[in-house]
Every structure is written in C-alpha cells, then in structure tokens.
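The sequence and structure come next.

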Amino acid sequence: ESDTTITKNDTLRLNMTPVLFEDEPLDKIIKALVERYGVEVRFDNNEVASLHRYYKFEPSLTLNEIIEQLNTFEQINITRNGNLLIID
C-alpha cells in the first residue's frame, strides 16, 4: 500500500495545465484570469461579457501576454490599470 502525497510542486503543475474554452462566454474565460492572476475585472460593456469565443488559456503565460492574445479578438478591448482589467 503506497501513500499518495501531493506536493506543492504537483499542485503548481496541475494549475499550469492549458484550458480550452470552446464557444464559451468571455466572462467565463475572464474568470479563469481572475483565479490565476488575482486581478479585478470591470466590464464597461455588458454585451462584450457575453461574447462567445474559442480560446486556449495557457496559465504559464504572463497576464500581459494573455491580454495581448485576447485583444486580437474582434470586439474585445482589454486595458490593464495595475491590478484592474477594464474590458470594453
């Protein structure tokens, strides 16, 4: 009988697994950013929050890299002000 011990490194590795969002609303994708990077989010346009997108979230990337990727989508504009992401 073997012990199963989950170390902090295992947990970090698990958290670095890419997440594929398939036709999901943007606010659900953004929720993953909030959980991963501990940022606050403000939607200045509620229609944008419900836009459906396909997106592969790579938790190993920096927050700025993720913002750059998301800003390549039409109708999405994310600006960062410190710990606050403003989406319009």
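Helices are DSSP runs of H or I with at least four residues, and strands are E runs of at least two, numbered from the N terminus. On that basis, this predicted model has four helices and five strands in its chain. Read from the N terminus, their order is α-β-α-β-α-β-α-β-β.

**Chain as a whole**
- The chain has 88 residues, and 27% of them are buried.
- Its accessible surface is about 6100 Å², with 47% of that belonging to carbon and sulfur atoms.
- Of the contacts between residues at least 6 apart in sequence, 58% link residues at least 24 apart.

**Helices α2 and α4**
- Helix α2 spans residues 26-37 and helix α4 spans residues 63-70; their axes come within 12 Å and cross at roughly 170 degrees.
- Angles over 145 degrees count as roughly antiparallel, and α2 and α4 are therefore roughly antiparallel to each other.
- On the α2 side the contact is made by I29, I30, L33 and Y37, and on the α4 side by L63, I66 and L70.
- Sorted by type, the residues of this contact are seven nonpolar, no polar and no charged.

**Residue M16**
- M16 lies in the loop between α1 (8-15) and β1 (19-25).
- Its relative accessibility is 33%, so M16 counts as partly exposed.
- Leaving aside residues up to four places away in sequence, M16 touches R36, P59 and S60.
- M16 and S60 are 44 residues apart along the chain, and their C-alpha atoms are separated by 5.8 Å.

Terms used:
Residues numbered from 1 in each chain as written. Predicted model: local features only at pLDDT ≥ 70, side-chain atom pairs only at ≥ 80, totals over all residues. Heavy atoms only, no water. Buried < 20%, exposed > 50% of the residue type's maximum accessible area, 1.4 Å probe, protein only. Contact = heavy atoms within 4.5 Å. Areas by Shrake-Rupley, 256 points an atom, 1.4 Å probe, with all protein chains shown as cover. Axes fitted to C-alpha atoms, helices over the stretch in contact; angles between N-to-C directions. Parallel < 35°, antiparallel > 145°, perpendicular 65-115°, else oblique. Nonpolar A, V, L, I, M, F, W, Y, C, P; charged D, E, K, R; others polar.
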